[in-house]
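Hi,

Here is the structure I promised to pass on to you. Have a look at it first, then read my notes below.

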Amino acid sequence: MAEEVSAATALLTAENATAEVDRVIVSALQMRQPGYLSLAVDVAACEVEPPTQPLNLLHASSRQVREAFRQAAEQLLAPAARVSLLADFLALRQRRAIPCASLLMGKGVLDEQQPGFVGTYAGGGSAGQVREQIEQVDVTLCVGVRFTDTITAGFTQQFAAERLIDLQPHSATVAGETFSPLSMADALSELDGLFARYRPAVAARAAGRRRVG
């Protein structure tokens with residue numbers, strides 16, 4: 001039961017206790033999920049060698065992976081006229097002058113007074129134009145999103161994989177291609193640069209599309 005809800009679990013023995021305790025602690029801290037250690041009474045009385053290194057809590061991104069992610073994201077964003085942001089509870093607070101929404105579990109992740117905030121996204125249960133402004137765009141950027149049945153009206157979200165950039169704490173996906181190891185902070189840093197470069201062109205294309213429509 002614990003394994004289903006834990007970032008990592010371990011059955012401790014005298015031989016593995018030193019390494020496994022550190023592994024489970026690091027995983028729990030990095031994933032922000034529970035860790036579970038099973039410790040038998042006889043093992044608790046055993047003497048073990050202490051750790052020789054401090055906990056390594058850094059989750060470094062690969063330089064090659066980071067560059068590959070940037071290139072893939074740029075290929076998707078460069079021709080885009082409409083870009084939206086969907087942020088959930090795993091993301092830090094974001095500030096983006098593009099159409100943006102949060103899921104119910106991520107309420108408060110976005111500043112709801114900022115320009116572009118369209119409301120709470122819930123798949124088919126979304127109110128008004130929220131669903132259209134988040135789904136029906138050239139590129140949707142999902143940051144820390146976890147889709148569940150209760151917050152998507154029974155998994156009614158509709159995102160085409162080829163138009164989706166999905167950022168998770170230690171990996172990212174662009175048009176169905178996964179990039180790992182890549183921290184969310186590093187991925188967002190790369191996207192900040194791309195948005196700064198392409199935002200004027202995106203705004204111009206979006207304005208032209210509205211005039212044509």
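**Helices and salt bridges**

Glu190 is buried, with a relative accessible area of 17%. Keep in mind that this is a predicted model. The cut-off for calling a residue buried is under 20%, so Glu190 at 17% makes it.

Which residue does Glu190 form a salt bridge with? The partner is Arg66, and the closest N and O atoms of the two are 2.5 Å apart. Glu190 sits in helix α6 (residues 184–212) while Arg66 belongs to helix α4 (residues 63–77), so this pair ties together parts that are 124 residues apart in sequence. Arg66 itself is partly exposed, with a relative accessible area of 23%.

Now stay with helix α4, where you'll find both Arg70 and Glu67. These two form a salt bridge as well, with 2.8 Å between the closest N and O atoms. They are three residues apart, about one turn of the helix. Is Arg70 buried or exposed? At 18% relative accessibility, Arg70 counts as buried, whereas Glu67, at 34%, counts as partly exposed.

Another salt bridge to look up is the one between Lys107 and Glu112, whose closest N and O atoms are 3.0 Å apart. Both ends are partly exposed: Lys107 has a relative accessibility of 49%, and Glu112 comes out at 33%. Elsewhere, salt bridges with shared partners link Glu67, Arg70, Glu74 and Arg197 into one network. How many salt bridges are there in the whole structure? A search finds nine.

Last stop: helix α2, which covers residues 17–31. With 15 residues at 1.5 Å a residue, helix α2 should span 21 Å, and the C-alpha atoms at its ends are 21 Å apart, so the two values agree. Its buried residues are Ala17, Glu20, Val24, Val26, Ser27, Ala28 and Gln30. What covers them? The cover includes the strands β1 (8–12) and β2 (35–39).

Cheers

Methods:
Residues numbered from 1 in each chain as written. Predicted model: local features only at pLDDT ≥ 70, side-chain atom pairs only at ≥ 80, totals over all residues. Heavy atoms only, no water. Helix = DSSP H or I, 4+ residues; strand = E, 2+ residues; numbered from the N terminus. Expected span 1.5 Å × (residues − 1). Buried < 20%, exposed > 50% of the residue type's maximum accessible area, 1.4 Å probe, protein only. Contact = heavy atoms within 4.5 Å. Salt bridge = Lys/Arg side-chain N within 4 Å of Asp/Glu carboxyl O.
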